[in-house]
Amino acid sequence: MRGYFGIGVEGVSKQANVGSLFRSAHAFEASFVFTVAADYTRRDAGRADTSDAVSQVPFYAFPDVASLQLPRGCRLVGVELIDDAVDLPSFHHPAQAAYVLGRERGSLTPEMLARCDHVVKIPTQFCINLGIAGAIVMYDRVTSLARFAPRPVRVGGPTEDLVLHRHGEPVFRTPERMALYRSKQPD
């Protein structure tokens, strides 16, 4: 899969759920994890983060929304159950993305929503556990951007093998090809 992603939370109400989120991020090969305006400690989250993700994946703790810094070209995607959000199954994930979820006993702040390039929602009747919501978002990213065998029309596993990508033959720059290229006038 091309690109990268990170995932994090704004605020923390249950540290164990953040630990679970970071453990899932480690399993889905996130490039980084982060917190914003959160009182997060490895010790309190460690019961759920059995892979000790913050020692395996870069971890960033930002004191507030204004301090949040992402790599150039990285799009911030808020995950929030609001009317204006795009349903996750209809969302095309950016190649470079950072996903941010709100605390469980609250939502993303208006300041964070204003920073987001996109806001998605998981099509559920009500909010779900933070760790589960993050895992669903990461699973959707992987299944929509990575290469897998196509889903069959009928119930069951794949009926077709994944076709491996084959690169074309090399193109050599011969003097004749270069002359032809240079002779074309731009539109």
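Residues are numbered from 1 along each chain as its sequence is written, and side-chain values use heavy atoms, with hydrogens and water left out. Because the model is predicted, local features require pLDDT of at least 70 and side-chain atom pairs count only at pLDDT 80 or more, whereas totals for chains, interfaces and linings use all residues.

The model contains an open sheet of 7 strands in the order β3-β2-β1-β6-β4-β7-β5, with parallel pairing. Helices (H or I, at least four residues) and strands (E, at least two) are DSSP runs numbered from the N terminus, and two strands pair if DSSP finds at least two bridges between them. Strands β3 (59–62) and β5 (86–87) stand at the edges; each has a single partner strand, so one side of each lacks a neighbour in the sheet. Strand β1 (residues 4–10) is joined to β6 by 7 bridges in parallel, and Glu10 stands opposite Gly102 of β6.

Helix α1 (residues 15–27) packs on the sheet, where it touches β1, β2 (32–36), β3 and β6, and its direction makes about 180 degrees with that of β1. Contact here means heavy atoms within 4.5 Å; axes are lines fitted to C-alpha atoms, for helices over the stretch in contact, with angles from 0 to 180 degrees between N-to-C directions. Helix α4 lies across β1, β4 (75–79) and β6, running at about 160 degrees to β6.

Strands β4 and β7 run parallel and are joined by 3 bridges, with Val79 opposite Val120 in β7. The parallel strands β5 and β7 share 2 bridges, and Asp87 has Lys121 of β7 as its bridge partner.

The largest pocket is lined by 17 residues, and Val79, Glu80, Cys127, Ile128 and Ala133 lie nearest its centre. A pocket is an open set of points on a 1 Å grid over the protein atoms alone, where a 1.4 Å probe fits, with protein on both sides within 12 Å along at least five of seven lines; lining residues have an atom within 4 Å of a point. Strand β6 (96–102) and helix α4 (130–145) each supply at least two lining residues.

Asp117 is found in the loop between α3 (110–115) and β7 (118–121). Residues up to four places away in sequence being excluded, Asp117 touches Cys74, Arg75 and Leu76.
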